[in-house]
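Welcome! Please take a moment with the sequence and the fold before reading on.

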Amino acid sequence: MVGIGTLINTAAIVCGGLAGGLVGRAFQLEQQEAINKACGVSVLFIAIAGAMEGMLSIQGSTIASGRSMLVVLCLAFGTVIGELLGIEDAFERFGEWLKMRTGNADDAGFVNAFVTTSLTVCIGAMAIVGAIQDGVQGDWSTLAVKSVLDLIIVAVMTSSMGKGCAFSAIPIFLFEGSVTLLASLVAPLMTDAAVANLSLVGSVLIFCVGVNLVWGKQLRVANMLPAVAFAVIAAFLPWAL
């Protein structure tokens, strides 16, 4: 059945949110903040590993780096588009609407928790490639693996940031569900080069999420999301970045 992967991933995030909410009640505020920092550091290192995998290569007996221009241009153009569209503001408005509709008006950290966790689980090649595999081949194994990772991440983030994290299930359902439905159209675009570019730029964006977790909101990461589209487009340019 097409779409099972999206349903599993959505359910995993909800379960992670519920588990994290229960565990989080056992921690004091200082302990929750410590867990949040630890989660941020973990996200930073996961992102660094992904970025280095895309930028470093072994040439003989030396390690060479490359594709730095790809990262610079994709982030620059993507951020300009994102700022003009106001993606971050749209995310926050939706978060505010959810906060009021779900009876969490008194939760000052709800919107930040929702936006941060939504970006963490939505950014990356696994979400797109997994949804395409589900839509074209009915293979939801990639999304199943991602679901396990997301469950753990969301549980930890919810325990420190609050129940807003659990509502990231909504964006992931809409995003992965849309890609699954449009898989036949999107699949030809996801060449090996496009997936590699997507993984690299996505890792950099996840790094930015980690920065916000450790040092407070420093970057408007949602406004950088169009960089992912530019990363895919770059794979079809006649010159290498």
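This is a predicted model: local features need pLDDT of at least 70, side-chain atom pairs count only at pLDDT 80 or more; totals for chains, interfaces and linings use all residues.

The protein chain holds 11 helices and 2 strands, and from the N terminus on its elements follow the order α-α-β-β-α-α-α-α-α-α-α-α-α. With a radius of gyration of 18 Å, close to the 18 Å that the globule rule gives for 241 residues, the protein chain is as compact as a globular protein of that length. Some overall values for the protein chain are gathered here.

| Property of the protein chain | Value |
|---|---|
| Span of the C-alpha trace along the principal axes | about 55 × 40 × 40 Å |
| Accessible surface | about 12000 Å² |
| Distance between the mean positions of the 10 positive and 15 negative charges | 6 Å |

Carbon and sulfur atoms account for 70% of that accessible surface. Of the 241 residues, 46% count as buried. Among contacts between residues at least 6 apart in sequence, 79% join residues at least 24 apart.

Now to helix α5, which covers residues 110–122. Its 13 residues reach 18 Å from first C-alpha to last, close to the 18 Å expected at 1.5 Å a residue. Because 12 of the 13 residues of α5 are buried, this helix is largely enclosed by the rest of the structure. Among the buried residues are Phe110, Phe114, Leu119, Val121 and Cys122, together with Thr116, Thr117, Ser118 and Thr120. The cover over the buried residues of α5 includes α1 (4–24), α4 (87–101), α6 (125–137), α7 (141–161), α8 (169–181) and α10 (192–215). Just after α5, Gly124 adopts a positive phi of about 130°.

Technical notes. Residues are numbered from 1 along each chain as its sequence is written. Side-chain values use heavy atoms; hydrogens and water are left out. Helices (H or I, at least four residues) and strands (E, at least two) are DSSP runs, numbered from the N terminus. The expected span of a helix is 1.5 Å times one less than its number of residues. Buried means under 20% relative accessible area, exposed over 50%, partly exposed in between (1.4 Å probe, protein chains only). Contact means heavy atoms within 4.5 Å. The radius of gyration is taken over C-alpha atoms; the globule rule is 2.2 Å times the number of residues to the power 0.38. Accessible areas come from the Shrake-Rupley method with a 1.4 Å probe; for residues, only the protein chains shown count as cover. Lys and Arg count as positive and Asp and Glu as negative; His and the chain ends are not counted. The place of a charge is taken as NZ of Lys, CZ of Arg, CG of Asp or CD of Glu.
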